[in-house]
Amino acid sequence: MPRVKQKVLDQVSTLYDNVSLFKDEAFLKTLKGKWHTKVFGNKNPIILEVGMGNGGFLQQMIQDYETQELSFNYIGVEIREFRLWKALRKNKVSVESGILKLVATRAQNLKNFFKKGEVSRIHLNFSDPWPKNKHERHRLTSPEFLKIFHHILMKHGEIVMKTDNDMLYEYSLSTFPKCGFEIIEHSSHVHDTSFEVRKWVTEFESKFIKKGKKINYIRVKRI
């Protein structure tokens, strides 16, 4: 492993114990059903971003909601520790204030860390489309993953999805209704709408917009 990258990962490791950056699965399992009481210490709704990348999307959302005086708890999930380190630096104030927790895990493990109905909203931003049919089960909007999300979401809890991939967009429009979700709104060009989510832009999304690429969007609720 390159020295610079190893140095960064060493810095990440030293932060786990004091800034709410979790990767120990045994510990995460003890939080199941206790995120409001044991972790956040309040009853505010939990917003979860799966595949948070460098944390820019959550940063913008948190700042926007704070301006509106809306209170939520936030959890960013990302398996790549290097990106978690970047997200930590970008969201240091929110992490230190206790409203944002960062979790190093894979999406399929979430059922082990959250009880039924514990999460209010899930954001899926520019997830890997896994375009080959043989890899369908790896898509975050495949029936396998939607079953997990359906379980941890509260009744009428939402999934909000953005993608630049047209295939994944069409695929997701098909799978959501089959897996216990009702489509509330969708667009093949979200930045040509007034939908709330257009205000919060990921790093990838910003690059796509500069290139004139349209961004697909779906918002659904658990039924």
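1. Helix H10 gives the most to the lining of the largest pocket, with 4 residues. Helices here are DSSP runs of H or I with at least four residues, strands are runs of E with at least two, and both are numbered from the N terminus. Please keep in mind that this is a predicted model, where local features need pLDDT of at least 70 and side-chain atom pairs count only at pLDDT 80 or more, while totals for chains, interfaces and linings use all residues. Residues are numbered from 1 along each chain as its sequence is written, and side-chain values use heavy atoms, with hydrogens and water left out.

2. Now look at the pocket itself. A pocket is an open set of points on a 1 Å grid over the protein atoms alone, where a 1.4 Å probe fits, with protein on both sides within 12 Å along at least five of seven lines; lining residues have an atom within 4 Å of a point. The largest pocket has a volume of about 1,000 Å³, that is, the space filled by probe spheres set on the points, which are joined across faces, edges and corners. Its lining has 40 residues, with Gly51, Arg80, Arg83, Ser127 and Asp128 nearest the centre.

3. Just after H4, Glu69 takes a positive phi of about 60°. Glu69 is exposed, at 72% relative accessible area (exposed means over 50%, buried under 20%, partly exposed in between, with a 1.4 Å probe and protein chains only).

4. The side chains of Asp64 and Lys199 meet in a salt bridge at 2.8 Å, N to O (a side-chain nitrogen of Lys or Arg within 4 Å of a carboxyl oxygen of Asp or Glu). This pair links distant parts of the chain, 135 residues apart, with Lys199 in the loop between strand S7 and H10. Asp64 is buried at 19%, whereas Lys199 is partly exposed at 38%.

5. How many salt bridges does a search of the whole structure find? There are 5. Among them, Glu205 pairs with Lys162 at 2.7 Å; Glu205 lies in H10 and Lys162 in strand S6, so the pair ties together parts 43 residues apart in sequence.
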